[in-house]
Amino acid sequence: MHYAMITLGASGHVFSSLPMIAELVKKGNRVTYFSIPRYKEMLEAIGADYKEVKSALTNNGQANKDIAVDMMAELPLRFLSEGAATIESIMEVLRVDKPDCIITDAIAIAGRLAAAELKVPMVMLFTSFASNDKFSLCRHWPVYPDTHPARAKAKALAEELAAKYGTPAYDVYGIFEGKGDLNIVTQPASFHPAAATFDDSFVFAGPQVMKRTDSGSWEAPEGDAPLMYTSLGTLFNAWPEFYHILYSVVKDMDVRVVSSVGSTLTKEELGEIPANVRTFSFLPQLEVLENASYFITHAGIGSVMEAAYYGVPMLAIPQMDEQAFTAKCMVDAGLGVMIPKEELTPERLKEALHELTSNPVYTENVKKMSAELQTLGGEYAANAVIKFMESRN
């Protein structure tokens with residue numbers, strides 16, 4: 001069987017597909033994987049046939065600045081623009097070498113366009129919360145008029161793509177409430193608050209975790225004290241006040257701290273670094289989580305799922321609406337505690353860390369979920385895809 005994998009050129013989206021793709025290849029299938037050069041070696045290492053695409057999403061400096069100013073208004077245009085930028089290079093390959101099935105990230109518009117033109121089954125991979133008529137995060141987002149410049153551009157582009165490839169003209173709801181013939185959700189059903197309302201085409205396959213080889217090295221502070229890992233992800237880490245508060249609190253705690261701070265902040269902006277803290281621009285997150293006792297996170301769904309996989313209780317400080325929802329689900333599952341970004345103070349952080357480190361219920365709960373997640377993952381997702389294709393044939 002020949003599969004084509006189409007995703008976004010962003011690490012969380014690529015990483016969430018790797019275990020499933022690796023398993024499909026192991027089981028004798030051929031996978032043509034479209035991505036940016038950064039992931040070529042990684043994809044070829046798991047046996048995928050790498051094909052390069054030119055990404056607008058990851059290589060447009062002005063777009064990155066625009067979305068930082070008006071993120072929610074810009075989102076539809078960003079994802080539609082990425083689809084428009086990549087689809088023809090993808091179709092040049094697939095019109096000649098037609099796949100039996102398209103596997104697409106849920107917000108990779110090019111995957112939907114390709115499946116529509118080729119008239120092949122489409123498997124949709126959800127790296128965040130799947131939606132249906134009972135549950136949808138995007139229905140709670142701010143509403144913008146069609147006259148908003150970004151939304152007007154998005155509408156025009158959606159209509160252009162629809163006319164060319166035979167898809168609906170995707171608006172914000174069409175983009176974020178997508179559904180394939182089969183849908184793989186990278187969460188366990190126990191974490192998704194509306195899992196019971198989804199039909200049988202949705203498979204809750206859990207986080208797709210596979211060790212990665214390009215994430216750099218790290219060194220923990222010396223000693224035997226519990227290891228605390230802190231990371232605000234890649235988009236929201238340029239927040240000096242967070243590090244000032246964090247370091248002022250942990251310096252008096254019996255913990256070793258490794259802190260991923262990104263590449264934009266200077267030493268002066270970070271301020272005084274306590275003796276029990278080591279800072280890094282980037283860290284190999286899976287390797288660190290495997291050794292960590294606690295995790296301070298922005299509550300990106302990928303980070304929360306990876307911490308749960310390794311049984312690490314969390315303190316969430318979400319930076320945007322979806323992360324706040326993920327953090328709430330994490331708290332509801334008993335996996336940790338949360339502080340809203342606007343409420344972060346040294347006193348609140350000290351209280352939250354005391355609760356996290358002194359109350360064993362969080363460790364107990366996350367260990368239970370970790371055991372559940374070990375039964376899911378890449379092979380589980382790949383088997384669901386193979387079963388789906390066999391049923392169609």
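## Ground rules

Because the model is predicted, local features need pLDDT of at least 70 and side-chain atom pairs count only at pLDDT 80 or more, while totals for chains, interfaces and linings use all residues. Residues are numbered from 1 along each chain as its sequence is written, and side-chain values use heavy atoms, with hydrogens and water left out.

Helices (H or I, at least four residues) and strands (E, at least two) are DSSP runs, numbered from the N terminus.

## Two helix pairs

Let's start with α5 (residues 71–94) and α7, whose axes come within 8 Å and cross at roughly 30 degrees. Axes here are lines fitted to C-alpha atoms, for helices over the stretch in contact, and angles run from 0 to 180 degrees between N-to-C directions. That crossing angle makes α5 roughly parallel to α7; angles under 35 degrees count as roughly parallel, over 145 as roughly antiparallel, 65 to 115 as roughly perpendicular and the rest as oblique. On the α5 side, the residues that meet α7 include M72, L77, L80, A84, I87 and M91, and on the α7 side they include A150, A154, L157, L161 and Y165. Contact means heavy atoms within 4.5 Å. By class, this contact has 14 nonpolar, one polar and five charged residues. For these classes, Ala, Val, Leu, Ile, Met, Phe, Trp, Tyr, Cys and Pro count as nonpolar, Asp, Glu, Lys and Arg as charged, and the others, Gly among them, as polar.

The second pair is α12 (residues 301–309) with α15 (residues 361–373), packed at an angle of about 95 degrees with axes 7 Å apart. These two helices are therefore roughly perpendicular to each other. M305, A307, A308 and Y309 of α12 make the contact with V366, M369, S370 and L373 of α15. Seven of the residues in this contact are nonpolar, one is polar and none is charged.

## A covered helix

Helix α9 (residues 240–250) is mostly covered, with eight of its eleven residues buried. Buried means under 20% relative accessible area, exposed over 50%, and partly exposed in between (1.4 Å probe, protein chains only). The buried residues are P240, F242, Y243, I245, L246, Y247, V249 and V250. Their cover includes the strands β8 (227–231), β9 (256–260), β10 (277–280) and β11, together with the helices α10 (267–270) and α14 (346–358).

## The loop from β5 to α7

Now for the loop between β5 (122–126) and α7 (149–165), where T127 is found. T127 is buried, at 14% relative accessible area. Its side chain joins that of H13 in a polar contact of 3.4 Å; such a contact is a pair of N or O atoms within 3.5 Å, and within protein one must be able to donate a hydrogen and the other to accept it, with residues adjacent in sequence counting only if both atoms are side-chain atoms. Leaving aside neighbours within four places in sequence, T127 is in contact with G12, H13, S16, D105, T186 and I301.

L137 has its place in the loop between β5 and α7 as well. L137 is buried, with a relative accessible area of 14%, and it touches F129, S131, E322 and F325, not counting residues up to four places away in sequence.

## Two positive phi values

Most residues other than glycine have a negative phi. K119, in the loop between α6 (109–118) and β5, has a positive phi near 55 degrees. K119 counts as exposed, at 72% relative accessibility.

A299 has a positive phi near 70 degrees and lies in the loop between β11 (294–297) and α12. Is A299 buried or exposed? A299 is buried, with a relative accessible area of 0%.
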